[in-house]
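Here is my note on this model, point by point. Please keep the structure open as you read.

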Amino acid sequence: LPVLTNLDPLDRDALLRILTEPRNAITKQYDKLFAMENITLRWDDTALHYIVEQAVAYNLGARGLRAICEAIITDAMFE
């Protein structure tokens, strides 16, 4: 039997922790990608909070964090 359930949305603090804390966090992945090109990437708290606010505003949750980061940083990656 398939099971359907309703989950509470993640709050801003949880989204920020997902963005920065895990071993394979999105920010750490981008840090390593840029490090391969000898570029040091620093994440400003303002930028991290902006990414979280966008995820909350569009009801994207944790999965939307990567899409928002990609939209912001793609131009810099290929320049």
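1. Helices (H or I, at least four residues) and strands (E, at least two) are DSSP runs, numbered from the N terminus. Read from the N terminus, the elements of the chain run α-α-α-α. That is four helices and zero strands.

2. A word on the source. This is a predicted model: local features need pLDDT of at least 70, side-chain atom pairs count only at pLDDT 80 or more, and totals for chains, interfaces and linings use all residues. Residues are numbered from 1 along each chain as its sequence is written, and side-chain values use heavy atoms, with hydrogens and water left out.

3. The C-alpha atoms of the chain fill a box of roughly 50 × 30 × 20 Å, taken along the principal axes. The chain has 79 residues, and 22% of them count as buried. Buried means under 20% relative accessible area, exposed over 50%, and partly exposed in between (1.4 Å probe, protein chains only). Contact means heavy atoms within 4.5 Å. Among contacts in the chain with a separation of 6 or more, 57% come from residues 24 or more positions apart.

4. Which residues have the most contacts inside the largest nonpolar core? They are L19, I26, I51, L65 and C69, in a core of 13 residues. A nonpolar core is a set of buried Ala, Val, Leu, Ile, Met, Phe, Trp, Tyr and Cys residues joined through side-chain atoms within 4.5 Å. In soluble globular proteins, nonpolar side chains tend to be buried together.

5. Look at I51 next. Leave aside its neighbours within four places in sequence. I51 is then in contact with L19, W43, L65, I68, C69 and I72.

6. Take α1 against α3. Their axes come within 10 Å and cross at roughly 125 degrees. That makes α1 oblique to α3. Axes are lines fitted to C-alpha atoms, for helices over the stretch in contact, and angles run from 0 to 180 degrees between N-to-C directions. Angles under 35 degrees count as roughly parallel, over 145 as roughly antiparallel, 65 to 115 as roughly perpendicular and the rest as oblique. From α1, the contact uses R12, L15, L16, L19 and T20; from α3, it uses L48, H49, I51, V52, E53, A55 and V56. By class, this contact of α1 with α3 has eight nonpolar, two polar and two charged residues. Ala, Val, Leu, Ile, Met, Phe, Trp, Tyr, Cys and Pro count as nonpolar, Asp, Glu, Lys and Arg as charged, and the others, Gly among them, as polar.

7. Then α3 against α4. They pack at an angle of about 125 degrees, with their axes 9 Å apart. That makes α3 oblique to α4. Y50, I51, Q54 and A55 of α3 meet L65, I68, C69 and I72 of α4. The contact of α3 with α4 has seven nonpolar, one polar and no charged residues.

8. How do α2 and α4 pack, and what is the angle? Helix α2 (residues 26-35) and helix α4 (residues 63-77) make an angle of about 20 degrees, with axes 11 Å apart. That makes α2 roughly parallel to α4. I26, Q29, Y30, L33 and F34 in α2 meet L65, R66, C69, E70, I73, A76 and M77 in α4. This contact of α2 with α4 has nine nonpolar, one polar and two charged residues.

9. Check M77, in helix α4. M77 counts as partly exposed, at 32% relative accessibility. Not counting residues up to four places away in sequence, M77 touches Y30, L33 and F34.

10. Finally, the loops. P22 sits between α1 and α2. P22 is partly exposed, at 32% relative accessibility, and touches R17 and K28, not counting residues up to four places away in sequence. N38 is in the loop between α2 and α3. Phi of N38 is near 60 degrees, a positive value in a residue other than glycine. N38 is exposed, with a relative accessible area of 75%. N59 lies in the loop between α3 and α4. N59 also has a positive phi, about 55 degrees, although it is not a glycine. N59 is exposed at 70%.
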